[in-house]
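Biologist: I am new to this kind of picture. Could you show me how to read it, one feature at a time?

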Amino acid sequence: VQLQASGGGLVQAGDSLRLSCAVSGRAVSRTVMAWFRQAPGKEREFVAAIKGNPSYADSVKGRFTMSRDLAKNTVYLQMNSLKPEDTAVYYCGASSYFSHYYYPSDMDYWGQGTQVTVSS
């Protein structure tokens, strides 16, 4: 199973970005897909996950939307109203464990990460 994350960049506060995670070797329709992020000096934290309905961390609820394209076997994270505190490396992960909140140890596979930097 391989996950390829992309779409990060440098934006200003209030802007939007869409991250993508292309998956090979496992159908996203049958897998829990999640986004995590890790800021410098901090632990990796849960952002969002989807298998049926998406779930979100409180810090991004109402601003971020996770979705999936089954035909492309790809998941997305639409990030709106970005804040400087959203600055981090964003990772996509895949898991066979179903929940509404995830820890990094719940993931079976990881993508390589994509940098998101939000300037004030």
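Biologist: Let me start with F46: is F46 buried or exposed?

Modeller: This is a predicted model, and in it F46 has a relative accessible area of 3%. The cut-off for buried is under 20%, so F46 counts as buried.

Biologist: Which ring does F46 pair with?

Modeller: F46 forms an aromatic pair with Y102, tilted at 45° between the planes and 5.9 Å centre to centre. F46 belongs to strand β5, while Y102 sits in the loop between β9 and β10 (109-110), so follow the chain with care: the partners are 56 residues apart. Y102 is buried too, with a relative accessible area of 1%.

Biologist: What about Y101 and Y103?

Modeller: Those two form an edge-to-face pair, 5.3 Å centre to centre with 70° between the planes. Y101 is partly exposed at 41% relative accessible area, and Y103 is exposed at 53%.

Biologist: How many aromatic pairs are there?

Modeller: There are seven. Ring pairs join F36, F46, Y91, Y97, Y101, Y102, Y103 and W110 into a cluster. Look at R44 as well: its charged end sits over the ring of Y91, 3.6 Å from the centre, and R44 also lies over the face of W110, 4.6 Å from that ring centre.

Methods: Residues are numbered from 1 along each chain as its sequence is written. This is a predicted model: local features need pLDDT of at least 70, side-chain atom pairs count only at pLDDT 80 or more; totals for chains, interfaces and linings use all residues. Side-chain values use heavy atoms; hydrogens and water are left out. Rings of Phe, Tyr and Trp (its six-membered ring) pair if their centres lie within 6.5 Å; planes under 30 degrees apart count as stacked, over 60 as edge-to-face and the rest as tilted. Helices (H or I, at least four residues) and strands (E, at least two) are DSSP runs, numbered from the N terminus. Buried means under 20% relative accessible area, exposed over 50%, partly exposed in between (1.4 Å probe, protein chains only). A charge sits over a ring if NZ of Lys or CZ of Arg is within 6 Å of the ring centre and within 35 degrees of the ring normal.
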